[in-house]
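Please find below a colleague's note on the model under discussion.

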Amino acid sequence: IIFSYSILGFLLRVPCLIRCQLVHAHRAHRKPASPRMKGKKSKTKSSSRKRQGPHDAPAVAVSAADEEDYRTEGPVEKERSRKAQGRRLREQAEENLIQKMEQRWAARERARKRTKERGDHPPPVNMSTARTPAPMWAMVNPAAGIRNKERRARVFQEWKRAKRLLKDQRRAERVEERERLGDAAPPKLKPITQEDKRTPDLSMVEENDQEILKEEEEDEFSDHYKGKTTPKIMITTCADHSPRMKLFIDELLALWPHAEFHCRKGFPLKAVTRFAIEAKFTDLVVITQQFHYPKMMILSHLPKGPTATFRISTFMAAKDIPDAGLRTKHAPELIFKNFSTRIGRRISRMLGATFKLKPDLHARGVVTLHNQRDFIFVRVHRYIFDSLSKVRLQELGPRFTLRLRSLQHGLFDTKFGEWEWAYHKKEMGGKDRLMFNL
């Protein structure tokens, strides 16, 4: 029995031995690898047949002299030559992509011409309203009639990238034209935004409306704008605030150098308001949180109100902003934009009353409160004069966005307070996305 099992095992191993001998013989007669490929893994069949993408740059032939120079160069020269070579490859890829779009549009035009000769009507094409019309291939989606999903997505991505490259080229040409012509250059084109197409509102007012100006001379913020009071802000939070809330409070203290932070310690908001009035604060700011992030901001003007509630979103601290400048405690200039309704002007005066009336112009700081579709974007910059004709902005931080939720007469009182304005989606346009309140 033992002898029969050993014979059976040998017979089963014979095919494996034959296969190993054939593999060794094939490797012995195979062509030896080049010196550069030693130590590298060979490409598989699938990777060798990989289709070259639209953004892959073609290989550039390197001569023996260039290769010898590259070997003798130092690390700095090697990095410069590598960046220059990458720049040339990118430019060549962009040119190839735009040429591909032009060829594709020419083929489509030939097909459309043949269709017109047969008597069918081609689809209409929207013409550009710009000063220099864009080429036709940038206006029509070439992937519209492609049924294959993968090819349609690839063609659409190529088209989008080519449009972006063309847009950058045309913008650079316009900048060069303005620099060359100077004052004789054509005016800049104004883009049509949703604010330009907004639904007319009865509460919209003009900039120099005498009735509104007389009302503002007697409102709650008139003492500040007449220079009778100096802003002094008290900032507090909910009972337990998170580290992210602490970071937001630090940014508010940098935005308002004349503000003070007081811990809440479980006191009700009415008691905190009485304390702020007795301590001669002009404004009270209460920050609440949700999931450890700043959620709402209650701004109450003391001692008689009004009280506004804002929702906070898209907060970014100064340390997270790339190349942010150093902040100082100087009073900044204020820029308010697109506050065109009665509520909007009231909110702008309320936010403006939290800053000092006279800015320190030598510090060149500016705070922008830009209203866009009822979202108030808060940005802080410093303008720098490179020359008498060129000025640039350096962002200081922080960044955050406010959206008004309610405006209440007097101090904060959820039970007996009188609401001047509150957000109700069904009563304020519903699904009308072109109806704004500020």
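1. Basis of the note. This is a predicted model, in which local features need pLDDT of at least 70 and side-chain atom pairs count only at pLDDT 80 or more, while totals for chains, interfaces and linings use all residues. Residues are numbered from 1 along each chain as its sequence is written, and side-chain values use heavy atoms, with hydrogens and water left out.

2. Confidence. The mean pLDDT (the predictor's confidence in each residue, from 0 to 100) is 81 for the chain, and 81% of the residues score at least 70.

3. Overall make-up. The chain contains 10 helices and 11 strands; these are DSSP runs numbered from the N terminus, helices being H or I of at least four residues and strands E of at least two. Of the 438 residues in the chain, 29% are buried, where buried means under 20% relative accessible area, exposed over 50% and partly exposed in between (1.4 Å probe, protein chains only). Among contacts between residues at least 6 apart in sequence, 65% join residues at least 24 apart.

4. Nonpolar cores. A nonpolar core is a set of buried Ala, Val, Leu, Ile, Met, Phe, Trp, Tyr and Cys residues joined through side-chain atoms within 4.5 Å. The largest has 39 residues, of which Trp 256, Phe 310, Ile 347 and Ile 376 touch the most other members. Helix H8 (residues 243-255) gives the most to this core, with six residues. Beyond four places in sequence, the contacts of Ile 376 include Phe 310, Phe 339, Ile 347, Phe 400 and Leu 438. Another core, of 11 residues, lies apart from the largest one; Met 101, Trp 137, Ala 138 and Val 140 are among its members.

5. Surface. The chain exposes about 30900 Å², of which carbon and sulfur atoms supply 54%; accessible areas come from the Shrake-Rupley method with a 1.4 Å probe, and for residues only the protein chains shown count as cover. Which residues make the nonpolar surface patch of about 520 Å²? They are Ile 1, Tyr 5, Leu 8 and Leu 12. Leu 12 is found in helix H1 (residues 2-29) and is exposed, with a relative accessible area of 60%.

6. Cis peptide bonds. Leu 302 and Pro 303 are joined by a cis peptide bond with omega of about 10°. Pro 303 lies in the loop between strand S4 (293-301) and strand S5 (307-316). A cis peptide bond also joins Gly 397 and Pro 398, with omega of about 5°; Pro 398 is in the loop between strand S9 (391-395) and strand S10 (399-409).

7. Positive phi. Lys 280, a residue other than glycine, has a positive phi near 65°. Lys 280 lies in the loop between helix H9 (269-278) and strand S3 (283-290) and counts as exposed at 66% relative accessibility. Phe 291, not a glycine, has a positive phi of about 55°. Phe 291 is found in the loop between S3 and S4 and, at 70% relative accessibility, counts as exposed.

Notes
Patch = residues over 30% accessible without salt bridge, like charges linked within 9 Å, V, L, I, M, F, W, Y side chains within 5 Å. Salt bridge = Lys/Arg side-chain N within 4 Å of Asp/Glu carboxyl O. Contact = heavy atoms within 4.5 Å.
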